[in-house]
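This report describes selected helix and sheet features of the structure shown below.

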Amino acid sequence: MISRTQIEWISPLFGSRVSGNCTVKVIARNPLYPIRKVEMITGNLALPMSERDNGVYVTEWDSRTLADGGHSLFVRVTDTQGTAASFADVLVNNDGPLSGIVRRNGNAFELDGEKFVYAGWNAYHLPFVSDANWTLNDRLVAWMPDGEQAEVHVPSGTPLAYEQYIDGCMLAARKHGLTVLRTWAFCTDTTMEHAFYNPDWTFNEAQFRRFDYLMDSASRHGVRVSLTLSNYWDDVGGIIGYVNRFGLSGRLQFFTHPDAREAFRAYIRHFVNRVNTVNGLRYRDDPAVFSWGLMNEPRMDAHDDVSADRSEYDKDGTKLGAWIEEMAGFIKSLDPNHMVASGSEGHSIVVNGSPWGRADEGNGTEPVRVVMNQPSLDYVTFHPYPNAPWCMYAMPQYAELVRLVVAQAKEIGKPVVMEEWGIDKSSALVDFSGATTGKKGEDPSWPLLRDGWNKIMHATFRRAGGDGSNVWVFSTFVPGGDFEIAGLAPGYRAKEDRASAAVLKEEAWLMSVSAASLFDDMASDEDRACINEAVHYGWMSGTGQRTFSPDEPVTTLEFTDMFHQLGVTVEVESAGEPNGPLGRLEAAKLLCTALRLQPLSDRREPDMSFADLQTLSETERQSIRALFMALVWKDGEAFRPFDPLTRAEAAGLIVRASDYFTYHRELEHEKHQDEMPRD
């Protein structure tokens, strides 16, 4: 039962920065029923709070029991009628200020001599937020380790200053493990309040000062920032501002007209050389700068070519690549410390024989190996949205895209960042069988399938060897549109997005797990990531000190035991030797049955590439196809049905099966709930 006990925080307050030993103090009062117990809960700790004064409860807490970052401190009060819970989010910082600059070392990121990977977020709107008042009564929400919801009431009219907004966003992101922010460091629309240019195209110092605060807040919260310097699209101006300023006939002239090019260089020069008015750091020396992004989604698109001879658009990506190299090199001449990215979508890369996007977007068909293969560019970027109406990828198509981009990035010796990624709430989805669902609100399976897609999108990239990611979009205080994942407020959106926010937090942690060097006998990045994940969750273990023996066959008994740890019952009907090697075909049949996948008899796109299935029965081929469509079994040139399943292959199967099983189980639960009789 919910209690009427009122909880008021005294210390630490919401948003506080804490270190060392801390005193946690609240006021808890219930005028009707006696209070029996008060406890502070965080992480795996539950500390009793004692009453010091009338209604004032206190406990001592060592903040070093938690890793540096954002954390919720919960207070739960139990009275004779029920419980009440409240929370305060705090920043734990025992390791001191942000230090070191992230650099590229070959095809990986490096910080202070160690490999650096990250999960981050996009919040393009942060520099343009104004001081405001909370317009409605609302609640900030968070969930305790046991799943109980805690709330903080925010009355209508509560002021929310720009600085509070920025600090709150940084803290909420850190609480979810997100450490690199990508945001807009431009606005050429001089009619907007927070443009970076004045109407006469002098620089707007007031707006640059607001951005100084954003950078200082990032530094204080342990966040690094990728600063996007312009936009191909018209949102908050972008390059159309330069087109209008210099009276150009079309947006593609931005890339070639000398006045536009020089104005953009001047803007870059001003930003890179700027001294932050809050902390005194020059931007080119600031550890909080992760990278300079030349533009959001640069292209030389045929649709925007207004020239009579159609000479402005880029047919093969070489002109766009040359512009990227020139501007990246210019930034490097001013700031040799920080990395430079293009901000490219990666569109037009050929996936399963067809371009992803249009072939005439100005990237040619080689966005990685031509457009982004520039000496001054530090890493490859791409922006997948698999349920965009023009795309509507099935899971294997998405996986093929991700593995292709990652492989090509490593081939040219660069790290790779999934710089934008997300699911459109206004569009349908392709489910685990390859069928297209209804839209949100039309199909009851849509919300859980969205959670499953969010998990699969990031996990596939992480396991393929991706180096960093920025979800589009993680928001904190206001609704962020059709792609939003809300982490704190408004309360109704945070509840709706709870599972997807949990995916972000889990995946942020798993980025470092996947990249860890646990064993010395790994054959590939994907093997290492899958094996590390399987070991992390206790589904598998090594065979010796720093050895996993990835090429050794897995036995039937080992296979059934590891899936039992996952909660999946694999029933072996044959009387074969349990300690003998398990064949790949037998593993597929067992897994298809255990996951309750229906064999797929129809020919939904995409088709498998396996060339050696002719000798198998129709039912066996359909079972393999069901696993392939659910992204449990990877495609390949050969299935090798009678080869033994290796330990590395088993690790890949169990981590991908866990993605499917988690959301399939929830879908089945929801279906069961819907079918239960109602009174």
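## Packing of H8 and H10

Helix H8 (residues 446–464) and helix H10 (residues 498–515) have axes that come within 10 Å and cross at roughly 15°. H8 is therefore roughly parallel to H10, a term for angles under 35 degrees. The crossing of the pair is right-handed, that is, the near helix is turned clockwise from the far one by less than a right angle. Axes are lines fitted to C-alpha atoms, for helices over the stretch in contact, and angles run from 0 to 180 degrees between N-to-C directions. Helices (H or I, at least four residues) and strands (E, at least two) are DSSP runs numbered from the N terminus.

On the H8 side, the contact (heavy atoms within 4.5 Å) involves Arg450, Asp451, Asn454, Lys455, His458, Ala459 and Arg462. H10 contributes Ala499, Ser500, Val503, Glu506, Glu507, Leu510, Met511 and Ser514. By class, the contact residues comprise five nonpolar, four polar and six charged; Ala, Val, Leu, Ile, Met, Phe, Trp, Tyr, Cys and Pro count as nonpolar, Asp, Glu, Lys and Arg as charged, and the others, Gly among them, as polar.

## Model and conventions

The model is predicted: local features need pLDDT of at least 70 and side-chain atom pairs pLDDT 80 or more, whereas totals for chains, interfaces and linings use all residues. Residues are numbered from 1 along each chain as its sequence is written, and side-chain values use heavy atoms, leaving out hydrogens and water.

## The eight-strand sheet

Eight strands form an open sheet with parallel pairing, in the order S21-S20-S19-S18-S13-S26-S25-S24. Pairing requires at least two DSSP bridges between two strands. Strand S21 (339–341) and strand S24 (380–382) are the edges, and the twist averages 25° from one strand to the next. Strand S13 (residues 118–122) pairs with strand S26 (residues 468–471) over four bridges, and Gly120 has Asn470 of S26 as its bridge partner.

Helix H7 (residues 395–411) packs on this sheet, touching S24 and strand S25 (416–418), and its direction makes about 150° with that of S25. H8 lies across S13, S24, S25 and S26, at about 175° to S25.

## The three-strand sheet

A further open sheet has the order S10-S11-S12 with antiparallel pairing. Its twist averages 55° from one strand to the next. S10 and strand S11 (residues 108–111) share three bridges.

## Helix H13

Helix H13 (residues 584–594) is mostly covered, with eight of its 11 residues buried, meaning under 20% relative accessible area (1.4 Å probe, protein chains only). Among them are Arg584, Leu585 and Cys592. Just after H13, Arg596 has a positive phi of about 60°.

Terms used:
Angles under 35 degrees count as roughly parallel, over 145 as roughly antiparallel, 65 to 115 as roughly perpendicular and the rest as oblique. Buried means under 20% relative accessible area, exposed over 50%, partly exposed in between (1.4 Å probe, protein chains only).
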